[in-house]
Structures are given as C-alpha cells and as structure tokens.
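Colleague: I would like a close look at one part of this model. Please take me through the sheet and the helix packed on it.

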Amino acid sequence: MRKHITGFSNPTVKYLRSLRDKKHRKRAGQFLVEGLRLLEDARTCGHVPCQLVMAEGRDAHDLLARLESEVEAAGGEVITTTPDILSKITGKSNTQSVVGVFDEFDTGLARLDRDAGAIWMVAQDLRDPGNLGTMLRTCDAVGAGGLILIDDCADPFSAEAVRASMGAVFTVALAQARWEEFLPWLRGGAGQLVAASLRDAVPYRGAAYQAPCFILVGNESQGLPEAYEAECDLRVTMPMKGRADSLNAAVAGAVLAYEVLAGLEA
C-alpha cells in the first residue's frame with residue numbers, strides 16, 4: 001500500500017510525531033528508526049518496518065528500493081512526503097530521507113534463553129539512552145546472550161538509544177524487569193552475577209569468571225545499591241590511575257565484558 005502526504009495536519013503525521021514520546025510509544029507499541037543504514041541493519045536481521053516514510057525528491061538507492069519492495073510484500077505501508085514534514089516527524093532539522101516504524105519487541109524475561117551466550121549484560125537504573133545504546137553495541141561485539149534492563153532504565157526504543165545502538169537493538173536479545181523479578185529468574189538456573197565494586201572486591205584482571213556470567217552495571221551517578229551488590233557472586237575492582245574516581249557506566253561494562261570474555265576463552 002502506498003500513499004502521499006502533503007499536509008502537516010494529516011493524522012498519520014500526528015501519529016508518527018507522537019512516537020517520539022515514550023508515553024505514546026508504549027501505548028502504541030511502536031517506535032521510529034531513522035536512516036537507511038539502520039533500516040538495512042534491521043532488514044538483514046529479519047525486521048521489516050510496518051510503515052516506511054520517505055522524503056520525495058530523494059536520491060535513488062538500491063537498498064531503499066529493496067526495502068520498499070519487502071515492506072509492500074509484507075503488507076506494510078510506503079509513504080512519501082515532503083522533507084519538511086519528515087523533519088516534523090523526527091523533530092530534526094537535518095533529518096535523513098527515510099524513517100521506518102517498527103513494532104516493539106517482547107522484552108519479558110521468559111523469552112530469554114540463558115544458554116544463548118556465555119556473557120550477559122545487566123544494567124540497573126541506567127538513565128542515559130546513549131549509554132544504553134552503547135551497551136547494546138558491546139553486547140553485539142562480545143557475542144553476549146543479551147542485555148537485561150533492571151528497574152527504571154532509559155527506554156531502549158527511544159530514537160536516541162536506537163541511534164546509539166548502531167543497529168544492535170535488532171541483533172541483541174533485550175529484556176526489562178524489576179530487581180525482585182530478575183533475581184529469582186537468575187537463581188532459577190546457572191549464572192554468576194558479577195559487578196564492579198569497591199566493597200570486598202578483587203582485581204578484575206584474572207578473576208574467577210564462570211559462564212554464564214551476568215555483568216551488572218549500575219546507575220551513572222549512584223552506582224549499584226548496596227543490597228544489589230550483596231547479591232553478587234563476585235565483585236571486582238578496576239584501577240583508576242588518574243584523578244577520575246570512576247569510569248562511564250557503559251565504558252566500565254565494555255571493559256569488564258572483554259575481560260570476562262578473555263577469561264572464559266582462556
């Protein structure tokens with residue numbers, strides 16, 4: 001199905017604009033992805049948008065033509081509109097020429113297979129969508145089983161998090177849960193819970209990591225609650241040789257993930 005939109009007051013434009021807001025995303029169960037590169041990453045992972053919105057007058061591109069064809073074959077909608085209207089939808093003055101609308105994924109713990117990876121990443125109360133997207137990229141890079149978001153994390157389907165993930169939101173299993181839900185799930189099977197900490201911690205290099213290893217990263221400014229750290233099977237510390245007293249949360253998670261990977265593969 002194809003249609004052309006020329007009016008800013010069109011109901012479809014209003015709906016697509018609303019997906020920039022978390023409340024409306026959750027109500028609709030859909031999210032926006034901007035740019036041909038991310039849309040192509042999604043397509044190659046088996047995710048085709050239910051709506052494809054393109055600016056008229058754009059340059060022809062083989063990847064975009066293939067994406068259009070697959071959207072139509074799947075019963076989706078292809079929309080053309082003006083660059084100004086597309087900018088209004090995305091809220092960006094320098095918007096790219098194509099946007100896709102996807103259904104949000106099931107993020108329940110029950111869908112996860114803990115045998116899917118030797119490493120898992122767990123983020124607690126992570127508020128920065130850029131950090132969340134970076135952690136998704138780290139999961140993809142180290143072959144992690146997935147990313148589990150605990151408590152009040154940023155929305156993984158926000159435009160900022162999706163962009164920062166560089167397509168990893170489509171390649172990495174993702175779950176959301178409260179701590180009181182996550183801990184029984186974790187203890188219901190094999191799994192070592194590891195966190196960077198200053199409390200009764202051992203050096204992170206050469207620590208006794210065991211698969212499947214769940215790497216727990218806390219809030220950017222507060223870190224992990226003491227009660228959460230107490231539940232960890234292993235607490236490790238990283239040396240800080242400069243004036244800074246901590247690493248960025250996503251960076252710390254990446255450093256620790258690669259050390260765990262090296263330890264498990266040794």
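Modeller: Two strands count as paired if DSSP finds at least two bridges between them. Keep in mind that this is a predicted model.

Now take one pair. Strand β6 covers residues 119-124 and strand β7 covers residues 146-150. The two run parallel and are joined by four bridges. Across this pair, A123 stands opposite L149 of β7.

Look at L132, a residue of helix α6. Its relative accessible area is 0%. The cut-off for buried is under 20%, so L132 counts as buried. What is L132 in contact with, leaving aside its neighbours within four places in sequence? The list is L126, L147, L149, A154, D155, P156 and A161. L149 is the β7 residue opposite A123. P156 is 24 residues from L132 in sequence, yet their C-alpha atoms are 6.9 Å apart in space.

For contrast, go to L247, in the loop between β12 (234-237) and α10 (249-265). L247 is partly exposed, with a relative accessible area of 37%. With M240, V251 and V255, L247 forms a nonpolar patch on the surface. Together the four have about 270 Å² of accessible area.

Note on methods: Residues are numbered from 1 along each chain as its sequence is written. This is a predicted model: local features need pLDDT of at least 70, side-chain atom pairs count only at pLDDT 80 or more; totals for chains, interfaces and linings use all residues. Side-chain values use heavy atoms; hydrogens and water are left out. Patches are made of residues with over 30% relative accessible area and no salt bridge: like charges are joined within 9 Å, nonpolar side chains (Val, Leu, Ile, Met, Phe, Trp, Tyr) within 5 Å. Accessible areas come from the Shrake-Rupley method with a 1.4 Å probe; for residues, only the protein chains shown count as cover. A salt bridge is a side-chain nitrogen of Lys or Arg within 4 Å of a carboxyl oxygen of Asp or Glu. Buried means under 20% relative accessible area, exposed over 50%, partly exposed in between (1.4 Å probe, protein chains only). Contact means heavy atoms within 4.5 Å.
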